[in-house]
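Student: I have the sequence and the structure open. Can we go through them by question and answer?

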Amino acid sequence: MLAAVRDELGLDAGPSKLLGEWLGGLARGDAGRSWISGGEVTPSVVQALGVSLLLMAAALVVAAVTAAAVCARTLWLGAHRRLGDRSGGSVAAMTAALPEFLTASVLATAVGVHLGWLPALGWYGPRWMVLPALALGLPAGALLGRMLDDLLPGAFAEPWALAAAARGIPGRVIARQTVRRCIPGLLPNTGLFVVGLTGGAVTVEQIFDIPGLGRTTLQAAIAQDLPVLQAGTLALVLLAAVAGALARPAARLLIGPALRDGALHSLHRPKPPAPRRTPLLHGTLLLAVVVLGLARDPLALDTGARLQPPSWAHPLGTDALGRDLLARIGHGAFTTLALAVAISAAALLTGLLLGLLPRLSGPLVDTVNAVPAVLAGLLVAGVAGSGAATPAPAVAAVAWVPLAAHTTALLEQERATTHITATKGLGAGHAHLLRHELLPAVLPPVARHALLRLPAVALALTSLGFLGLGSRPPAPEWGLLLAENQPYAERAPWAVLAPAAALALLGALAVTAADGVRLPRPFAGAPRRPKPAVAPLVGETG
Amino acid sequence: MRSPRRRVVAGLLLAPVLTGCFASGGDTDVDSAEGSRLRVALAFPPAENFSPYGADATLLSRLGVTEGLTKLDANGAAAPALAESWTRENDRNWLFTLREATFQDGTEVTPATVAAALTHATEAEPVTAALSGVTLTAKKSGDRQVRVTTEDPDPALPLRLTSPGLAILSAKAYAAERVNPVGTATGPFEVTKVTGTTAATLDRFDEYWGGRAQASGVDARFIADGTARTNALRTDQVDLAEAVPVSQASTLDKGTRHETATTRTTSLLLNTKSGAFKDPKLRAAAREAVDGSVLAKDVYEGYADAGAGIFGPAVTWAADKRLEPSGRAKATDPDGTSVTIATYDNRPELPEVAQVLQQQLQKAGFKVKLEVREYSRLESDALAGEFDAFVGARNSLLDTGDPVSILASDFSCAGSYNLALLCDKKVDRAVAAAEKESDTAKRQQAAMNAEAAILATDATVPLVHQQIITGVATSVRGVTYDPYERTLIGTGTRR
């Protein structure tokens, strides 16, 4: 029978000849036929790509509006030159930590079913785009908004802004120019979002029943339908290449002359942010939940008491099998965080190292970013076998990408600053520049970026669970908690809200705490700059 | 700055491009005097381009597109469909008399086309499930008859021919490389348009031999996500949603929720060939530790019956003919024996079932590890005996409608889907005896004897017999609630 299948698919010819034929066909727009359905691959993938691009575009609009909302206060204060009393950012960080599928199911149920304002599922016209675009765009916009928001004060403090204000140019004009000054640092990451949203929106596509590329590719990967998988991945890789190719000239268009002439300033904040109490508050709350939870049994099933609302006996309610949610969150904290932190650290290191070598990492970033974490998981599982340790390298393999892109963007601008020119003029060598000027400038913002992505890493780990990778039920891992309680989101909202709140708290904690973190200065004799660790730069992402 | 006019032009140019990026067929809600169209949400998208030989076969029969020579009646016996009647000429030959019927492409159903259709089915690669291990030939015999000859005596042939995989299509369907059921079947509805794996449009076939259907057509949407399917019904985007997940059932009004006992049994299969459960005493301990009624009541929220045997209450004749298994091993104390239970998450209740089982077995003294994966990533490992136990849901009559064939494929030494890796002489003897019976009642009794022999080995512990929940809008009448999950929409379905 195997021989029959091989014969039908023409597999006897051997891999190299088959790949050659496939590439040959591709030149004529023919990507072959699906092994499963027997249908032509090209039309279905093109159709799915169109759907996904449209969804991505709508999500990007939502993201832009969200980002604008996040930055609105800073812009207003900056335009009125009152940036000193600026604080906050927790809300944006919490939104950025929201898992897409949770937002999606809440929107579908609340707005779609109960209020009936918009269709709860389908993809038939503009009205159908609103909810999925919101689900995808809100967290992405919050993340981009946080990045922008952290850069703006630096830009407002630049000499030209002061000069413009002194000359009586209206505040909103200055505000517009500061945005223009800061956008180039975000462009590489926006490009990554474009590709990520196109190929990685699988859960949202499922919840809203959207025939997009993410779902098509994932189904093909699971069913081992190679022609569809090849064509889908190729489409994503091409899209990534296009997005990358567009982001670079766009950045040059915005600040090109200054980059060329080395006339940029390092985007110092006017003064380091005052140490705040908020991280303490977030941390205490999270710690309290964990400590209280640790005292309880996370595995004790009581199917008679399933989906109980919060009460004295179960302060956060119970899940679908009657287990105490507080206990599960508490016990899950360590495993969830330990792995996520380890992966984030590895990703930070890889991202920094590769980001320092833009020639090498540029194409690599574009390619790897096109591969959703789930596909990476399948690939790693194929190579390394599906052991308990497989998801970690799979997620790490894609987690470094935004950090590397960030590092590269920062580096490019930092190299064009006047103080680097000055240091060079004083006779500093490459190694000295890197160690004493570039790294101290790049490391803190990238590290904070890595922290902001911590919840996302924890979620990505879980998304591989259904491949039989990673933690298994009944382990109380946070992502798993979210996934297993998602079907009950409407009947027992507390069962998903509690772990989601824990993740959001983690996100807020990571962001606010990073403001207060003083990284040690690389060397005792480091020159000049008093507090390099709190000198975020263009591309700063919070 | 670009001029406003250029923006307008660009917008106008972009509009048709964008409409191409939406799925087609959103509001096809055209009511006419001829009866209105039904909007249906199905759970499983077509996986093989509506090939009648694979997983899509049931899809076509559920939508009322395809038919075979025979069909299953409510008692699990073969009833006339395209064949009016049949006789067994001798051990290996059956003679089927066809009724007067027309294919949806206008051609007549003749003995020659029927014989050709069956022959194509036997030549399909991979072979359709109902024909696995069977060699048959079909030849026309006179004006209205078809003679089917099997290589080995096959008393269950009429039951076998009820399989959706043995649907009869017109000659046109086989003209191309792939079998194409669009407009070539004989059922009350014909497929007119297929939109990838997202939707299909069906129109009423007016010349159907069983009378004109009441609905003028069917708009089928394939929505894999259970919550999304339920939401589609709740927001009135569809009239009928199949397989509503248990977790969503309570969100539907009582009047729109219909539960049907099915022949699908969830069981705990114990690996009899290797690992801890090779020891029958430990298998007995596991059987005694497991309580299916808790699962039925809590995990399935009452949409299931506690496990009685391999065949559940939906198999109407089974309860009266059931025998107590005899000669079971005595349970021993597990004393911390560690075992791995594997299950899949395509059916959302199964991981929950496995977790409850884990606790029940741990209370009895086992140490239990769980392995949860997507089904396609689990099956080969399970068949290779990598796990000690497997929790799975299996439709006990789906492929052939014959109770004996599932026993043979799942529990005999030569079985192709033997997840318990059972190879027991007594079981094989009982199954072989059942395979020989041709009288329906005797065959059913022999199947129950074999069931008792299998249960006596404790290779399988039936946990629950599932009910399927179909969400049906209050305006819809005449849905066929089929315990065999082969039909859904018929001539009488309307809204």
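**Helix packing, chain contact and domains**

Tutor: Keep in mind that this is a predicted model. To begin with one helix pair, H7(B) and H10(B) cross in a right-handed way.

Student: Are H7(B) and H10(B) parallel, antiparallel, perpendicular or oblique to each other?

Tutor: Helix H7 of chain B covers residues 280-289, and its axis lies 9 Å from that of H10(B). The angle between the two is about 120 degrees. Angles of 65 to 115 degrees count as roughly perpendicular and those over 145 as roughly antiparallel. H7(B) and H10(B) are therefore oblique.

Student: Which residues of H10(B) meet H7(B)?

Tutor: By class, this contact has 5 nonpolar, 1 polar and 1 charged residues. H7(B) brings B:Ala285, B:Ala286 and B:Ala289. On the other helix, H10(B), they meet B:Gln360, B:Leu361, B:Lys363 and B:Ala364.

Student: How are H8(B) and H10(B) set to each other?

Tutor: The axes of H8(B) and H10(B) are 11 Å apart, and the packing angle is about 135 degrees. Roughly antiparallel would need an angle over 145 degrees. The crossing of H8(B) past H10(B) is right-handed. H8(B) and H10(B) are therefore oblique.

Student: How many nonpolar residues are in the contact of H8(B) with H10(B)?

Tutor: H8(B) contributes B:Val294, B:Leu295 and B:Val299. H10(B) contributes B:Glu349, B:Glu352, B:Val353 and B:Val356. The contact has 2 charged residues and no polar ones, and its nonpolar residues number 5.

Student: Which element gives the largest share of the side of chain B that touches chain A?

Tutor: The contact between the chains takes 48 residues from chain A and 47 residues from chain B. On the chain B side, at least two residues each come from helix H5 (226-234), helix H8 (292-299), helix H10 (349-364) and strand S15 (367-373). The largest share is 6 residues, and it comes from H10(B).

Student: How many charged residues are on the side of chain B that touches chain A?

Tutor: Sort that side of chain B by class.

Student: In chain A, how does H3(A) run relative to H8(A)?

Tutor: Helix H3 of chain A spans residues 41-79 and helix H8 of chain A spans residues 171-199. Their axes come within 11 Å and cross at roughly 150 degrees. An angle over 145 degrees counts as roughly antiparallel. So H3(A) is, relative to H8(A), roughly antiparallel.

Student: What is the handedness of the crossing of H3(A) and H8(A)?

Tutor: Look at where the helices touch: the residues of H3(A) that meet H8(A) include A:Ser52, A:Leu53 and A:Met56, and those of H8(A) include A:Gly171, A:Arg172 and A:Ile174. By class, this contact has 10 nonpolar, 5 polar and 1 charged residues. H3(A) passes H8(A) in a crossing that is right-handed.

Student: How far apart do the C-alpha centres of domain 1 and domain 2 of chain B lie?

Tutor: The domain assignment gives domain 1 of chain B as 23-222 + 473-481 and domain 2 as 263-466. The distance between their C-alpha centres is 32 Å.

Student: How many residues does domain 2 of chain B give to the contact with domain 1?

Tutor: Domain 1 of chain B gives 13 residues to this contact. By class, that side has 7 nonpolar, 5 polar and 1 charged residues. From domain 2 of chain B, the number of residues is 15.

Student: What is the radius of gyration of chain B?

Tutor: Chain B has 14 helices and 17 strands. For its 495 residues the globule rule gives 23 Å, and the value for chain B is close to that, so chain B is as compact as a globular protein of that length. The radius of gyration is 25 Å.

Notes
Residues numbered from 1 in each chain as written. Chains lettered and ligands numbered in written order. Predicted model: local features only at pLDDT ≥ 70, side-chain atom pairs only at ≥ 80, totals over all residues. Contact = placed C-beta atoms within 7 Å. Helix = DSSP H or I, 4+ residues; strand = E, 2+ residues; numbered from the N terminus. Nonpolar A, V, L, I, M, F, W, Y, C, P; charged D, E, K, R; others polar. Axes fitted to C-alpha atoms, helices over the stretch in contact; angles between N-to-C directions. Parallel < 35°, antiparallel > 145°, perpendicular 65-115°, else oblique. Left-handed = near helix turned anticlockwise from the far one by under 90°. Domains from an automatic or database assignment. Rg over C-alpha atoms; globule rule 2.2 N^0.38 Å.
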